[in-house]
Amino acid sequence: MQSKQICKGVDLRVIPSNKFKTNALSIFFHIPLKRETVTMAALLPAVLKRGTEKNPEYKQLARRLADLYSASCSAGVRQKGDGEVLYFHMDYIADAYIGENLTEQVVAFLRELVFCPLIQDGGFSPEYVESEKTNLKNAILSLINDKKEYADVKCREAMFGKDGYGMFEAGYVEDLDAITPQSLYAFYQKVLKEAKVDIFVSGMADAETLDVITKGLEAELLPRDGGYIATQTATADREEIQYITEEIPASQSKLSIGLKCGVEPAGEEYYALLLGNCLFGGSPFSKLFMNVREKLSLAYYAASRTDRMKSVMVISSGIETQNFQKAYDEIQLQLAKMQAGEVEESELAAAKKYLTNGLTAMYDSVRALEDYYLSQAILGQNQSPEELIRCLEPIGIPQIQAVMQKVQLDTVYFLKGVEA
Amino acid sequence: MEIKRCYNEQLKEEMHYAVHPSGLRVYVFPKKGFQKYYAIYGTEYGSIDSAFQIPGEDTMTHVPDGIAHYLEHKMFEEEDGSDAFQRFALTGASSNAFTSFDMTAYLFSCTDKFYENLDILLDFVNHPHFTQENVAKEQGIIGQEIKMYEDDPEWRVFFNTLLALFHNNPVKLDIAGTVESIAKITPELLYRCYHTFYNPANMVLVLVGDVDIQKAMEYVDEHVDAKRNLGQIPREEVVEPTHRVQERIEQKLMVSQPLFRIGFKDNKMGLDVDAMRKKEIATDLILDAVFGRCSDLYEELYEEGLVDTSFDSEADISKGYGFTLIGGESKDPEAVYQRIREHLKGLMETGIPKEDLDRARKIWLSRGIRAFNSVEQMGNAFIRQIFAGYEPLAISESLNQVTDEDVMERLREHFDVDNCVLSVISPMETEKKE
């Protein structure tokens with residue numbers, strides 16, 4: 001990734017490639033994850049997407065996109081450790097396949113969408129704000145429709161509380177009443193003026209293209225003091241494991257187990273954690289897959305994943321209600337084995353190959369690479385996936401064992417399926 | 001064995017293909033510059049194939065529902081008690097498999113050691129190993145998979161729609177079967193299905209990446225026995241009335257607000273390849289022009305708060321079944337249902353505006369071009385198209401075959417407002433206990 005500062009607090013980051021049929025352009029605003037603003041942040045992109053000053057109807061925007069060979073435009077929020085990013089992403093077919101260069105029109109579209117909203121009485125359109133409040137309320141409440149996701153969100157909330165990292169990024173229903181077109185607009189202006197900005201360009205990125213993009217956006221992005229949001233690494237701090245059971249009418253129960261890892265995301269230990277997670281529950285040859293699923297037939301899925309930035313691990317599984325203890329004991333047993341260093345050299349070799357494959361494959365996905373480098377920028381690094389692969393090579397079982405010993409169970413969230 | 005090559009100038013993409021003496025069709029889509037390789041090896045055999053005639057036998061064989069999917073799980077089993085995942089672990093590849101209504105497919109993606117991985121794929125799919133013990137073991141795992149779907153409102157609203165549309169077509173049955181039906185599955189039944197449908201003439205191998213088809217064929221030679229060619233397998237003919245089973249179907253689940261699907265039944269069956277392709281594209285164009293993000297209808301329903309961004313549509317058109325679904329979440333599915341019916345009635349009179357259809361064409365073309373951004377998307381889309389008999393690189397060409405009149409004809413015959421169904425998942429009224 002190549003970077004260039006456009007002005008203070010605004011960086012242009014470029015991932016050149018000519019193998020894709022599309023080019024992509026994104027703007028990210030970095031803001032802290034705070035209880036006071038989480039709901040407004042989730043609401044803002046939806047309101048902006050409804051219409052602009054020049055094109056106040058959604059249909060006009062949608063038709064303009066379709067006319068640009070069906071360019072796609074998405075906007076939303078994404079959690080990044082103790083912070084979140086407000087993102088606006090566009091991609092569009094490259095000129096080689098349609099004989100027409102759309103970059104200028106796409107930049108104009110993005111500029112209009114993000115910076116030229118429909119304003120009435122010193123605020124956003126009251127009609128759009130009201131209707132998007134209703135939609136957001138429904139989106140927040142519909143978390144329960146996906147029981148696995150619901151259990152994971154509730155587990156995270158139980159681990160960290162209803163602020164910062166513990167929050168559900170879609171926000172809270174009880175905040176919605178107090179949000180007005182004016183208060184949301186004030187929040188928007190503050191973000192525009194103060195938040196750290198990254199612009200990502202992927203695909204054909206010759207000097208001319210970058211010039212069109214820079215010229216199209218620089219007038220809107222003035223120098224600012226805002227920087228990246230630092231994340232405090234989660235470290236084991238609970239004397240006793242927290243057990244929570246919630247009953248819901250469902251055929252299957254969901255188990256979500258949160259662990260704190262205490263590993264610096266930009267430090268050497270992270271490489272051992274990445275491998276440790278792969279061996280423990282992050283692959284189809286992992287201890288969880290081979291034992292909870294294959295050996296004991298307790299589940300269809302039993303997997304773990306880590307959030308690098310916060311240093312949190314989550315184990316998820318869907319089980320029969322009466323098998324809770326069996327599954328939980330087996331998960332603990334397998335974790336203990338990781339902590340005792342009971343890993344074969346052949347398994348470690350497999351994990352390195354598996355991660356190498358996954359990291360190398362990122363080069364084939366614009367979205368994956370963009371998100372990877374965004375996280376890198378937040379961590380103050382510019383390590384390519386290829387360089388990360390090289391850092392995994394020297395890691396041995398003792399280092400993985402040492403890191404896994406830092407990983408501690410924090411919260412067990414059992415979403416217990418009961419008959420309706 | 002003749003290797004054919006074709007190149008599409010607009011897409012700047014190539015396709016190489018050949019038919020192996022065993023009957024296996026092999027396709028390569030060279031993708032230079034990509035790190036990843038993708039291989040997908042599929043059989044035209046899915047959940048709908050529960051009654052068929054084994055070559056050499058006079059009668060139809062009937063097997064338990066969910067057996068194709070069960071077989072997919074068990075193919076990973078190896079003689080020494082290990083599984084194919086562990087073999088792929090040695091090379092770092094990521095492997096998987098899926099079963100749909102009309103196909104079972106095994107796949108891997110990798111960034112290194114492609115031919116070694118191809119060797120594993122061809123090897124494990126060509127040698128089944130089923131025992132009483134390993135078959136019994138899977139009951140628990142698949143049982144949990146079935147239960148996971150029972151709680152999934154998106155899955156339920158989908159299958160309920162099919163239950164309301166189809167009387168006899170097995171497409172209405174859950175792909176994984178039921179806990180009861182899978183209890184009847186034995187190693188012997190699995191072998192019968194395997195030998196019938198995993199015969200090379202019923203299979204396709206699609207390779208995406210910087211692959212040499214000659215070299216790939218050497219691996220095929222090694223693993224695929226030309227003597228196993230049984231040709232195409234006759235299926236029991238499904239007699240499906242044209243009318244729906246019931247107009248409305250409802251289920252209560254733990255959801256926050258109602259989910260709905262409006263379903264249309266495809267009665268124009270038994271078409272040749274070209275006609276089926278045209279039917280499919282015409283349906284896609286209608287969905288984008290009438291129900292897509294640019295449509296008047298979406299704008300109106302959205303502004304009235306009747307639908308939100310979850311509103312979407314899909315068509316699934318295959319040789320043995322076809323249906324179109326429109327849906328999402330809504331506080332009032334009944335109102336959406338009535339509005340869509342009225343809107344369609346109006347369009348039957350006025351026709352779809354040309355401007356809307358032209359835009360839908362651009363969207364369709366863009367989607368086709370975008371598929372080439374991902375080796376997985378290419379492999380998954382193309383194997384389906386190859387089984388259907390379509391030409392994967394002929395995107396603009398296929399689109400141009402479909403006239404505005406074809407689209408209007410499809411609108412009239414498929415979007416029958418007196419034969420559609422409304423499936424709703426409504427919230428359960430219950431106190432949440434902590």
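**Note on a two-chain predicted model**

1. The side chains of Asp91(A) and Arg370(B) meet in a salt bridge, 2.4 Å from N to O. A salt bridge here is a side-chain nitrogen of Lys or Arg within 4 Å of a carboxyl oxygen of Asp or Glu. Between chain B and chain A the count is eight salt bridges.

2. Some conventions come next. This is a predicted model, in which local features need pLDDT of at least 70 and side-chain atom pairs count only at pLDDT 80 or more, while totals for chains, interfaces and linings use all residues. Residues are numbered from 1 along each chain as its sequence is written, chains are lettered from A and ligands numbered from 1 in the order in which they are written, and side-chain values use heavy atoms, with hydrogens and water left out.

3. The contact between the chains involves 65 residues of chain B and 66 residues of chain A; contact means heavy atoms within 4.5 Å. The size of an interface is often given as the accessible area lost when the parts come together. For chain B and chain A the buried area is about 5700 Å², with 51% given by carbon and sulfur atoms. Buried area is the accessible area (1.4 Å probe) that two parts lose on being put together, summed over both.

4. Across the interface of chain B and chain A, 34 residue pairs are in polar contact, both residues being at pLDDT 80 or more. A polar contact is a pair of N or O atoms within 3.5 Å; within protein, one must be able to donate a hydrogen and the other to accept it, and residues adjacent in sequence count only if both atoms are side-chain atoms. Among the elements that give two or more residues to the chain B side are helix 4 (132–150) and helix 12 (354–370) of chain B. Helices (H or I, at least four residues) and strands (E, at least two) are DSSP runs, numbered from the N terminus. The side of chain B that touches chain A has 21 nonpolar, 18 polar and 26 charged residues. Ala, Val, Leu, Ile, Met, Phe, Trp, Tyr, Cys and Pro count as nonpolar, Asp, Glu, Lys and Arg as charged, and the others, Gly among them, as polar.

5. Chain A is divided into domain 1 (2–218) and domain 2 (242–418), with bounds from an automatic or database domain assignment. The centres of these two domains of chain A, taken over C-alpha atoms, are 30 Å apart. In domain 1 of chain A, 31 residues are in contact with 35 residues of domain 2 of chain A. The area buried between domain 1 and domain 2 of chain A is about 2800 Å², and carbon and sulfur atoms give 65% of that.

6. Five salt bridges are found across the interface of domain 1 and domain 2 of chain A. Arg78(A) forms a salt bridge with Asp371(A), with the closest N and O atoms 2.6 Å apart. Helix 6 of chain A gives the largest share of the side of domain 1 that touches domain 2, 10 residues.

7. Arg50(A) lies in the loop between helix 1 (38–48) and helix 2 (58–67) of chain A. Arg50(A) is buried, with a relative accessible area of 4%; buried means under 20%, exposed over 50%, and partly exposed in between (1.4 Å probe, protein chains only). Leaving aside neighbours within four places in sequence, the contacts of Arg50(A) include Ser131(A), Tyr302(B) and Glu303(B). Arg50(A) and Ser131(A) are 81 residues apart in sequence and 9.9 Å apart in space, C-alpha to C-alpha.
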